[in-house]
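Hello,

Here is the structure I promised to pass on to you. Have a look at it first, and then read on for what turned up in it.

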Amino acid sequence: MDSALSDPHNGSAEAGGPANGTTRPPSTPEGIALAYGSLLLMALLPIFFGALRSVRCARGKNSSDMPETITSRDAARFPIIASCTLLGLYLFFKIFSQEYINLLLSMYFFVLGILALSHTISPFMNKFFPASFPNRQYQLLFTQGSGENKEEIINYEFDTKDLVCLGLSSIVGVWYLLRKHWIANNLFGLAFSLNGVELLHLNNVSTGCILLGGLFIYDVFWVFGTNVMVTVAKSFEAPIKLVFPQDLLEKGLEADNFAMLGLGDIVIPGIFIALLLRFDISLKKDTHTYFYTSFAAYIFGLGLTIFIMHVFKHAQPALLYLVPACVGFPVLVALAKGEVTEMFSYEESNPKDPAAATESKEATEASTSKGLEKKEK
């Protein structure tokens, strides 16, 4: 899991740059500002739109769009699993040829990227299809067993419009596979981020605090304590990070001096912000106070990360700044409004488990009614 904000500039020879030991000329202040601003904007887009789409996803009945619910047990284990994965990749790059590893990873992310990008652009593309477009429905169904023991493994519904989106996404996939261009990388990275925020749901705020707290320690250790994360981020030729060239003004689209932001710094705070949006909606108010507060906190946290990185000229663990901001600001607002109990009582369940969904709905309604009773008093 790549979760570092890196700034390879000021003449350092980094990944994606000259391989003969020569150094790059220093980036201009304008180029650095453009790169930082673009990374910030690209990080905000999947969080904002992914959060909005997560609301529709939670209400949807299509099994192909069902969210994956993260429980407190999952959250507690995630930093350990992420650490093992990161260390494993680091050792692989040290032992085996980087070229062959990246070739396998490129093929893997080529397929995943096409599917993610297709799912991302599908709602937007549907607006451009004429009413007369011959749209047919399809269903991909895999089952196991027979009779009463039959169990669904895959049940994916799609239509002709989805196939068109898949074709367009394949063009981007081929471009990425052949050229590894930074724009194609970012298109896939944005699609992964948006899909992550949309489809990964925390079951409650406490789980979100456990996840963010664990990854806070994970991020700080692997960036400040070792060179593992930065090494993997620079060696890993896959769309697991957003990049933007700091020498774009000098070299145009062929620029190669990149600042980078790991997708973990987008998706992890993003799923917490999306949870707060769904909590806002559960309160049945016209304002989305907690969503906008956490969104503004994310901007503040990432801006602070960029500032610290620029001052100290060292890769920063962005979650070091994002976690306190994204958790602390909404909790302070809840304290001010007297809604801390409602916030931590709000519960979401796995929509694939009807019994749990019923219990979650009753618990949420109970906590909401308690909050209303307090206000009436």
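A definition to begin with: axes are lines fitted to C-alpha atoms, for helices over the stretch in contact, and angles run from 0 to 180 degrees between N-to-C directions. Please keep in mind that this is a predicted model.

With that in hand, turn to helix H10 (residues 289-312) and helix H11 (residues 319-337), whose axes cross at roughly 150° and come within 8 Å. The crossing of H10 past H11 is right-handed. On the H10 side, the residues in contact include Thr289, Ala297, Phe300, Leu304 and Ile308, while H11 brings, among others, Tyr321, Ala325, Phe329, Val333 and Lys337. Sorted by kind, the residues of this contact are 15 nonpolar, 5 polar and 1 charged.

Lastly, a word on charges. Side chains of opposite charge can pair when their charged atoms come close. The whole structure holds 8 salt bridges. One of the pairs in a salt bridge is Arg53 with Glu198, at 3.2 Å from N to O. Arg53 sits in helix H1 (residues 29-59) and Glu198 in helix H5 (residues 182-199), so this pair ties together parts that are 145 residues apart in sequence.

Enjoy exploring!

Definitions and conventions. Residues are numbered from 1 along each chain as its sequence is written. This is a predicted model: local features need pLDDT of at least 70, side-chain atom pairs count only at pLDDT 80 or more; totals for chains, interfaces and linings use all residues. Side-chain values use heavy atoms; hydrogens and water are left out. Helices (H or I, at least four residues) and strands (E, at least two) are DSSP runs, numbered from the N terminus. A crossing is left-handed if the near helix is turned anticlockwise from the far one by less than a right angle, and right-handed if clockwise. Contact means heavy atoms within 4.5 Å. Ala, Val, Leu, Ile, Met, Phe, Trp, Tyr, Cys and Pro count as nonpolar, Asp, Glu, Lys and Arg as charged, and the others, Gly among them, as polar. A salt bridge is a side-chain nitrogen of Lys or Arg within 4 Å of a carboxyl oxygen of Asp or Glu.
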